[in-house]
Amino acid sequence: MNPFTAYKQLNDIEATTEETVNENLFATKPQLNFEIQEGAIIEDAEDGDELIGNIDFFKESDDDLDSFEERAWKKGAGYKLPNFPEVEERLEGLESGLYIFAGESNMGKTAAMMAMLYDVGMCEENNVLALLITIDDTKDEVLPRVIAAEQRIPISAVGKPSRYVEEINNGSPDTLKFEEYLEKRKKEFNS
């Protein structure tokens, strides 16, 4: 039963008993005794009757609907995820709020969340500040991921550049690729 139906039923009840209230509204235990007095609900308390509220339920309902309607139109279509169109479509656009990704270790939660967060934050149309909060990773673990995603290079090329220099110095067949990674890494740090 929605709250507006409950409000109407509360106003329509003339003579209430414990049984009538429970049948019409609550049907749950423990049972409470209510008395309706011109829009006010009185709950039987051990120390006597206690006023719960003197409310014009219809006005409150109308005010709630008006407030919701205003907020709903201000939301627009939600924040865009240009590089994740299927996620954007299924969520019908992201809204402000807290999103929690949960799962086993090393399943890619941080990588997926960072990629989507980056996408939301870098889309000019969104005009939003995106914030990543993690309890698992330090800033020294997150920073290489961000740079690697931006430059489209392996995380280790950002976090362990000496490894790539050593491979180049040892004549690795992937020298050109490794040099490109290091150049992109350097570009990010010099920008």
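Student: Where is the place of Lys 184?

Tutor: Lys 184 has its place in helix 9. Keep in mind that this is a predicted model.

Student: How does Lys 184 count in terms of accessibility?

Tutor: The relative accessibility of Lys 184 is 25%, so this residue counts as partly exposed. The cut-offs matter here: buried means under 20%, and exposed means over 50%.

Student: Which residues is Lys 184 in contact with, leaving aside its neighbours within four places in sequence?

Tutor: Lys 184 is in contact with Gln 151, Arg 152 and Ile 153. Take Gln 151: 33 residues separate it from Lys 184 in sequence, while the C-alpha to C-alpha distance is 6.2 Å.

Student: Which helix does Glu 150 lie in, and how does Glu 150 count by accessibility?

Tutor: Glu 150 belongs to helix 6, which covers residues 139-151. Its relative accessibility is 35%, so Glu 150 counts as partly exposed. Not counting residues up to four places away in sequence, Glu 150 touches Tyr 118 and Glu 188. Glu 150 and Glu 188 are 38 residues apart in sequence, and their C-alpha atoms are 8.5 Å apart in space.

Student: What is the secondary structure of the protein as a whole?

Tutor: There are 9 helices and 3 strands. Along the sequence they follow the pattern α-α-β-β-β-α-α-α-α-α-α-α. Of the 191 residues in the protein, 21% are buried. Among contacts with a separation of 6 or more, 34% are between residues 24 or more positions apart.

Student: How are two packed helices described?

Tutor: Two values are used: the angle between the axes and the distance between the axes. In this structure, helix 8 and helix 9 pack at about 145 degrees, and their axes are 9 Å apart. Their crossing is left-handed.

Student: Which residues of helix 8 and helix 9 make the contact?

Tutor: Helix 8 contributes Pro 161, Tyr 164, Val 165, Glu 167 and Ile 168. From helix 9 come Thr 175, Phe 178, Glu 179, Tyr 181, Leu 182 and Arg 185. By type, the residues of this contact divide into 7 nonpolar, 1 polar and 3 charged.

Student: How is a pair of aromatic rings described?

Tutor: A pair of aromatic rings is described by the distance of the centres and the angle of the planes. This structure holds 3 aromatic pairs. In one of them, the ring centres of Tyr 164 and Phe 178 are 4.9 Å apart and the planes stand at 85 degrees, so the pair is edge-to-face. The cut-off for edge-to-face is an angle over 60 degrees.

Student: Which parts of the chain does the pair of Tyr 164 and Phe 178 link?

Tutor: The pair links distant parts of the chain, with Tyr 164 in helix 8 (residues 161-169) and Phe 178 in helix 9 (residues 175-190). The two residues are 14 residues apart. Both Tyr 164 and Phe 178 are buried.

Student: What are the values for Tyr 164 and Tyr 181?

Tutor: The centres of these rings are 6.0 Å apart and their planes are at 75 degrees, so Tyr 164 and Tyr 181 form an edge-to-face pair. This pair also joins distant parts of the chain, from Tyr 164 in helix 8 to Tyr 181 in helix 9, 17 residues apart. Tyr 181 is buried, as is Tyr 164. Ring pairs link Tyr 164, Phe 178 and Tyr 181 into a cluster.

Student: Which charged end sits over the ring of Tyr 164?

Tutor: That of Arg 163, at 5.3 Å from the centre of the ring.

How values were computed:
Residues numbered from 1 in each chain as written. Predicted model: local features only at pLDDT ≥ 70, side-chain atom pairs only at ≥ 80, totals over all residues. Heavy atoms only, no water. Phe/Tyr/Trp six-rings, centres within 6.5 Å; stacked < 30°, edge-to-face > 60°. Helix = DSSP H or I, 4+ residues; strand = E, 2+ residues; numbered from the N terminus. Buried < 20%, exposed > 50% of the residue type's maximum accessible area, 1.4 Å probe, protein only. Lys NZ or Arg CZ within 6 Å of the ring centre and 35° of its normal. Axes fitted to C-alpha atoms, helices over the stretch in contact; angles between N-to-C directions. Left-handed = near helix turned anticlockwise from the far one by under 90°. Contact = heavy atoms within 4.5 Å. Nonpolar A, V, L, I, M, F, W, Y, C, P; charged D, E, K, R; others polar.
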